[in-house]
Amino acid sequence: MFERFTHDARRVVKRSWAHSDRTGDRSVTEEHLLLALLEQQGTRTAFAFAALGVTDRRASVEDALRTARRRGGLSPADVRALAGLGIDVDEVVAGAEAVHGRGALDPGVSGRFRAARRRWMSHRPFSPGARATLEKSLRIAVGRGDRVIGGEHVLLALTAGPGVVAEVLADHGATYASLERVMFARPDGHGGGGTAAAADGPG
C-alpha cells in the first residue's frame, strides 16, 4: 500500500512518528496523523483547513486533542453520554491526577518508558485505529478512481468513522462532506468523483 502514497502522504506518516515520539506514546495513533496533516503547507489538506477555518483554530484543535488524552481517550460524545448518567468526567480526571499526577489517565506511554523511547521509536507500530485509517484511505482513493493515495485521502479517512479525531474535526467545521467538497471541487463548483467516495464516507 505504501508504494502508492504520494510524497505528501509519506511525509504525513513520517511526521506522525515524530509526534508519537513527542507525546511518548507506544504507537502511532489517529491523533498523530492529524497533527502531521495540520503541519502541511501547499497541499490540498492545507487548503481545506484554511478554507474551513481550521488553520486559524489549530490551537483549539490541539487543545481538544490534549483534553481527550487527559480524559483517557474519551471523545466529546463519550463525555456527554457519561454526563447524562451523572458522571462528571473532569471531576474523575482531577481526582486521579490529584493522586497520581497530571496526565494519570493519558493513554500514552508511562513514565518508566520515556527515557528509552528514542531507542525504539523507529519500531513503534501503528495503533489499530491508525492502521484502519490508512487502509480506509486506500479504499477512498480507489473509490474516487485515484491512482495514488495523498494526504487528502488520509484526512477523509480520519473523518469517515466515529472517534475522538473525527469528533474534534467536526466540532471545528471539518466533516467528511465539507472536506470532500473543498478538496475535490471542480471549477464548476461540483465535487469530482463523489459517487464512489461517498459510499466510503461516514455511515
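1. Buried denotes under 20% relative accessible area, exposed over 50%, and partly exposed the range in between (1.4 Å probe, protein chains only). Of the 203 residues of the protein chain, 44% count as buried.

2. The model is predicted: local features need pLDDT of at least 70, side-chain atom pairs count only at pLDDT 80 or more, and totals for chains, interfaces and linings use all residues. Residues are numbered from 1 along each chain as its sequence is written, and side-chain values use heavy atoms, with hydrogens and water left out.

3. The protein chain contains 13 helices and 0 strands (DSSP runs numbered from the N terminus; helices are H or I of at least four residues, strands E of at least two). Among contacts (heavy atoms within 4.5 Å) between residues at least 6 apart in sequence, 68% join residues at least 24 apart.

4. Aromatic pairing requires ring centres of Phe, Tyr and Trp (its six-membered ring) within 6.5 Å; planes under 30 degrees apart are stacked, over 60 edge-to-face, and the rest tilted. The count is 1 aromatic pair. Tryptophan 17 and phenylalanine 126 form this tilted pair, at 5.5 Å centre to centre and 40° between the planes. Tryptophan 17 belongs to helix 1 (residues 7-23), whereas phenylalanine 126 lies in the loop between helix 8 (117-120) and helix 9 (128-144), 109 residues apart.

5. Tryptophan 17 is partly exposed, at 28% relative accessible area, while phenylalanine 126 is buried, at 13% relative accessibility.

6. Arginine 144 lies over the face of phenylalanine 184, 3.6 Å from the ring centre (criterion: NZ of Lys or CZ of Arg within 6 Å of the ring centre and within 35 degrees of the ring normal).
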